[in-house]
Amino acid sequence: MQVWYRSRALYDTVMRLLNSGRYDAALEMAEQIPDDKVKAKAFSKIAVYLAREGRDYREALERAINVTSDLPSGDATKALMSLAFDFLSLGLHEEALRVAEFIRDLSNRSKIQAEVALKLAREGKVSEAMRIINDILDEDVKTWAMSRMATTV
């Protein structure tokens, strides 16, 4: 239990450092978080914050992905899906797809691909959307994405 409380306190500190513009200090502090689930969340938040600010977020993203790979499958999937959706909401389609590549669960990876494709279709990039849909391995998700795209375009 102490590990979680320490992790939570460090996470809160990371968020304060980030909000005050002390990005390097936030990265260093996040590295000290003992609980990998909380650490992955901290690095993910840093990466998304930096991306939103137009700053270089690659180091934080790599650290988030690396820490997430040590989590149990279900926790890793949740963390990576959340990160991918955050990048998608920022319009960073390629980053969302890149994060999705690390999702071990085929259905959930496919859901991210489908959402990226649908967002591209809404933006008028239909051929790019179809390319992504065709790459989806989960047939149920692929069918769902194609039917949704028909009503989106």
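Predicted model: local features only at pLDDT ≥ 70, side-chain atom pairs only at ≥ 80, totals over all residues.

Residues are numbered from 1 along each chain as its sequence is written, and side-chain values use heavy atoms, with hydrogens and water left out.

**Whole chain.** The protein chain has 9 helices and 0 strands, where helices are DSSP runs of H or I with at least four residues and strands are runs of E with at least two, numbered from the N terminus. Along the sequence the pattern reads α-α-α-α-α-α-α-α-α. The C-alpha atoms fill a box of roughly 50 × 30 × 20 Å along the principal axes. Of the 153 residues, 44% count as buried (buried is under 20% relative accessible area, exposed over 50%, partly exposed in between, with a 1.4 Å probe and protein chains only). Among contacts (heavy atoms within 4.5 Å) between residues at least 6 apart in sequence, 56% join residues at least 24 apart.

**Helix 1 and helix 3.** Helix 1 (residues 2-19) packs against helix 3 (residues 36-52) at an angle of about 10 degrees, and their axes are 10 Å apart. Helix 1 is therefore roughly parallel to helix 3, a term for angles under 35 degrees. Axes are lines fitted to C-alpha atoms, for helices over the stretch in contact, and angles run from 0 to 180 degrees between N-to-C directions. Residues of helix 1 in the contact include W4, Y11 and L18, and those of helix 3 include V38, I46 and Y49.

**R16.** Helix 1 also holds R16, which counts as exposed because its relative accessibility is 59%. R16 and G74 lie 58 residues apart in sequence and 28 Å apart in space, C-alpha to C-alpha.

**Largest pocket.** The largest pocket holds about 300 Å³ of space. A pocket is an open set of points on a 1 Å grid over the protein atoms alone, where a 1.4 Å probe fits, with protein on both sides within 12 Å along at least five of seven lines; lining residues have an atom within 4 Å of a point. Of its 15 lining residues, K37, A40, K41, A79 and S82 are the closest to the centre. Helix 1, helix 3 and helix 5 (73-89) each give two or more residues to the lining.

The table sets out residue classes.

Terms used:
Parallel < 35°, antiparallel > 145°, perpendicular 65-115°, else oblique. Points joined across faces, edges and corners; volume = space filled by probe spheres on them.
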